[in-house]
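Hi,

Here is the structure I promised to send over. Please have a look at it first, and then read on for my notes.

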Amino acid sequence: MTELAALLAAFSLGAMIFFSAFIAPAIFHVLPEADAGRLLRSIFPNYFLANGSLALIAAVVAAQPLESGLLALCGMAMVGVWAFAIPVINAARDQMLAGDEAASIRFARWHGGTVGLNVLEMIGLTAAIFLLFAADDVT
């Protein structure tokens, strides 16, 4: 089962890297900023929920305490962003576009926080994948 857990984690990590490195920049390059924002706003809930779900499923099937805990932490963080941070970010963005300057600060903080958390999740998934392969070699 460690192979399946590693595969699920690797799929999630690959999707996160591909989206961050290629899809999001391309969207901003091709579309006007307002349209790019609307498109990403429709994608991000699915991005975090799907990647969080993959990490949580990987945590269940990993059958290794450290690796399962790391994957569960990554998964819960991603689902937490989906459930709590995205609504705050979207509301702040709407208020910001309506001229509320305080909302600009709130948007920047929450957006920056989720970007940082996304990077930490990628690091956590990478560590879990390496640990799963190491555990598989030992058993």
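Predicted model: local features only at pLDDT ≥ 70, side-chain atom pairs only at ≥ 80, totals over all residues.

**Overall picture**

Along the principal axes, the C-alpha atoms fill a box of roughly 60 × 30 × 20 Å. Of the 139 residues, 35% are buried. The accessible surface comes to about 7,700 Å², and carbon and sulfur atoms account for 75% of that. If you look at contacts with a separation of 6 or more, 71% of them are between residues 24 or more positions apart.

**Helix α1**

Helix α1 covers residues 2–30, which is 29 residues. From its first C-alpha to its last it reaches 40 Å, close to the 42 Å expected at 1.5 Å a residue.

Helix α2 takes in residues 33–62, 30 residues in total. Its reach is 41 Å from first C-alpha to last, close to the expected 44 Å. There is a kink here too: about 30 degrees at Ile43, shortly before the proline Pro45. The buried residues of α2 include Leu40, Tyr47, Phe48 and Leu54, and also Asn51 and Gly52. Towards the end of the helix, Ala58, Ala59, Val61 and Ala62 are buried.

What happens just after α2? Ala63 takes a positive phi of about 60 degrees there, although Ala63 is not a glycine. Ala63 is placed in the loop between α2 and α3.

How many salt bridges does a search of the whole structure find? It finds three. Side chains of opposite charge can pair when their charged atoms come close, and here are the pairs one by one.

- Glu33 and Arg93 meet through their side chains at 4.0 Å, N to O. This pair links distant parts of the chain, with Glu33 in helix α2 and Arg93 in helix α3, 60 residues apart. Glu33 is exposed, at a relative accessible area of 56%.
- Asp35 and Arg38 form a salt bridge at 2.1 Å, N to O. Both residues lie in helix α2, three residues apart, about one turn of the helix. An α-helix has 3.6 residues a turn, so residues three or four places apart point the same way. Asp35 is partly exposed at 30% relative accessible area, whereas Arg38 counts as exposed at 53%.
- Asp94 and Arg41 meet at 2.7 Å, N to O. Asp94 belongs to helix α3 and Arg41 to helix α2, so this pair ties together parts that are 53 residues apart in sequence. Asp94 is partly exposed, with a relative accessible area of 40%, and Arg41 counts as partly exposed at 30%.

Asn90 is found in helix α3, which spans residues 65–97. Is Asn90 buried or exposed? The cut-off for buried is under 20% relative accessible area, and because Asn90 has 19% relative accessibility, Asn90 counts as buried. Asn90 and Trp110 are 20 residues apart in sequence, and their C-alpha atoms are 9.9 Å apart in space.

Helix α4 runs over residues 101–138 and contains Ile123. At 52% relative accessibility, Ile123 counts as exposed. Ile123 also takes part in a nonpolar patch on the surface, together with Val115, Val119 and Leu120. The four residues have about 360 Å² of accessible area together.

That is what I have for now. Happy browsing!

Best wishes

Key
Residues numbered from 1 in each chain as written. Heavy atoms only, no water. Patch = residues over 30% accessible without salt bridge, like charges linked within 9 Å, V, L, I, M, F, W, Y side chains within 5 Å. Areas by Shrake-Rupley, 256 points an atom, 1.4 Å probe, with all protein chains shown as cover. Helix = DSSP H or I, 4+ residues; strand = E, 2+ residues; numbered from the N terminus. Buried < 20%, exposed > 50% of the residue type's maximum accessible area, 1.4 Å probe, protein only. Expected span 1.5 Å × (residues − 1). Bend = angle between axes of the 7 residues up to and from the residue. Contact = heavy atoms within 4.5 Å.
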